[in-house]
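Subject: Handover of a structure and notes on its contents

Dear colleague,

I am passing the structure below to you for your records. Please look through it alongside the notes that follow it.

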Amino acid sequence: LASTRQKTQISTKTLLRKAEGFHGHLGPFLAIGVRLGQFGLKKLNANGLERSLRVSLSILQKVPYSCIVDGVQISTGCTVGNQKLQLKNSEQIEACFEDLSSGRNVTVALSPMVYGMLKEQIVGKNLPDEEIRKLARTIASMSEKDLFVVRNR
Ligand SMILES: [Zn+2]
């Protein structure tokens with residue numbers, strides 16, 4: 001179990017680095033996207049290479065919330081361009097992951113506590129870059145059970 005955990009952390013770090021390069025900056029919502037995608041894949045026993053994988057992501061379609069999109073794209077391989085990622089406008093932050101070949105799906109929402117904490121700390125504030133990166137690292141190291149709520153199985 002310890003080694004599995006270790007592997008997950010290493011890959012989160014790698015994915016975050018990729019996501020930052022793709023997205024242009026590192027912030028907590030990008031980190032949420034990465035973690036959300038990883039968690040959804042894990043729940044479906046998927047690795048992101050499946051052609052049958054689909055993600056439907058509900059978010060407010062404006063910065064900083066939309067930063068989640070790039071994190072999800074990097075961690076799942078489901079993108080707007082390959083039509084495997086669909087975006088919905090919503091106050092809720094939630095993603096439905098589906099494997100069309102097995103018919104399995106899972107819906108994962110961001111914990112209201114984490115969402116509230118980030119809104120309070122970030123939205124409308126003009127935080128220095130280093131503070132924003134620090135929040136991203138906090139999100140990256142939180143446990144899945146503190147970050148997410150699974151809606152169904
Ligand atoms: Zn961003």
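This is a predicted model: local features need pLDDT of at least 70, side-chain atom pairs count only at pLDDT 80 or more; totals for chains, interfaces and linings use all residues.

**The zinc site**

The zinc ion is held by three donors: NE2 of His 23, NE2 of His 25 and SG of Cys 67, at 2.0 to 2.1 Å. Along the chain these donors follow the spacing H-x1-H-x41-C. Two of them, His 25 and Cys 67, link distant parts of the chain, being 42 residues apart. His 25 sits in the loop between helix H1 (2–23) and helix H2 (28–43), while Cys 67 belongs to helix H3 (residues 67–76).

How many disulfides does a search of the whole structure find? The search returns zero. Cys 96, for example, takes part in no disulfide, and the cysteine sulfur nearest to it, that of Cys 78, is 11 Å away. A disulfide would require the two sulfur atoms to be within 2.5 Å. Cys 96 itself counts as partly exposed, because its relative accessibility is 25%.

**The nonpolar core**

The largest nonpolar core comprises 44 residues. Those with the most contacts inside it are Phe 29, Leu 36, Leu 57, Ile 68, Ile 93, Phe 97 and Ile 139. At least two residues of this core are supplied by each of H1, H2, strand E1 (53–59), H3, strand E3 (94–99), strand E4 (104–110), helix H4 (112–122) and helix H5 (129–141). Which element gives the largest share of this core? That element is H2, with eight residues.

Leaving aside residues up to four places away in sequence, Phe 97 touches Leu 36, Gly 37, Gly 40, Leu 44, Arg 54, Val 55, Thr 76, Arg 104, Asn 105, Val 106 and Val 108.

**Salt bridges**

The count of salt bridges comes to six. Three of them are described here.

In one, Arg 133 pairs with Glu 20, and the closest N and O atoms are 2.8 Å apart. This pair links distant parts of the chain, as Arg 133 is in helix H5 and Glu 20 in helix H1, 113 residues apart. Arg 133 is partly exposed, with a relative accessible area of 26%, and Glu 20 is likewise partly exposed, at 23%.

In another, the side chains of Glu 144 and Lys 42 meet at 2.6 Å, N to O. Glu 144 is buried, with a relative accessible area of 17%, whereas Lys 42 counts as partly exposed, at 49%.

A further salt bridge joins Glu 131 and Lys 134, at 3.9 Å from N to O. Glu 131 and Lys 134 are separated by about one helical turn, because they are three residues apart in helix H5. Glu 131 is partly exposed, with a relative accessible area of 34%, and Lys 134 counts as partly exposed at 45%.

Lys 84 is found in the loop between H3 and strand E2 (85–89). Is Lys 84 buried or exposed? Lys 84 is buried, yet has no salt bridge. The nearest side chain of opposite charge is that of Glu 50, 6.9 Å away, whereas a salt bridge would need the charged atoms to be within 4 Å. Not counting residues up to four places away in sequence, the contacts of Lys 84 are Glu 50, Arg 51, Leu 53, Arg 54, Val 55, Gly 77, Cys 78 and Thr 79.

Lys 13, by contrast, counts as exposed, with a relative accessibility of 55%. Lys 13 has its place in helix H1. The C-alpha atoms of Lys 13 and Val 63 are separated by 23 Å, and the two residues are 50 residues apart along the chain.

With kind regards

Technical notes
Residues are numbered from 1 along each chain as its sequence is written. Side-chain values use heavy atoms; hydrogens and water are left out. Buried means under 20% relative accessible area, exposed over 50%, partly exposed in between (1.4 Å probe, protein chains only). Donors are N, O and S atoms within 2.8 Å of the metal (3.2 Å for Na, K and Ca); water is not among the atoms, so sites may look incomplete. Helices (H or I, at least four residues) and strands (E, at least two) are DSSP runs, numbered from the N terminus. Lys and Arg count as positive and Asp and Glu as negative; His and the chain ends are not counted. Contact means heavy atoms within 4.5 Å. A nonpolar core is a set of buried Ala, Val, Leu, Ile, Met, Phe, Trp, Tyr and Cys residues joined through side-chain atoms within 4.5 Å.
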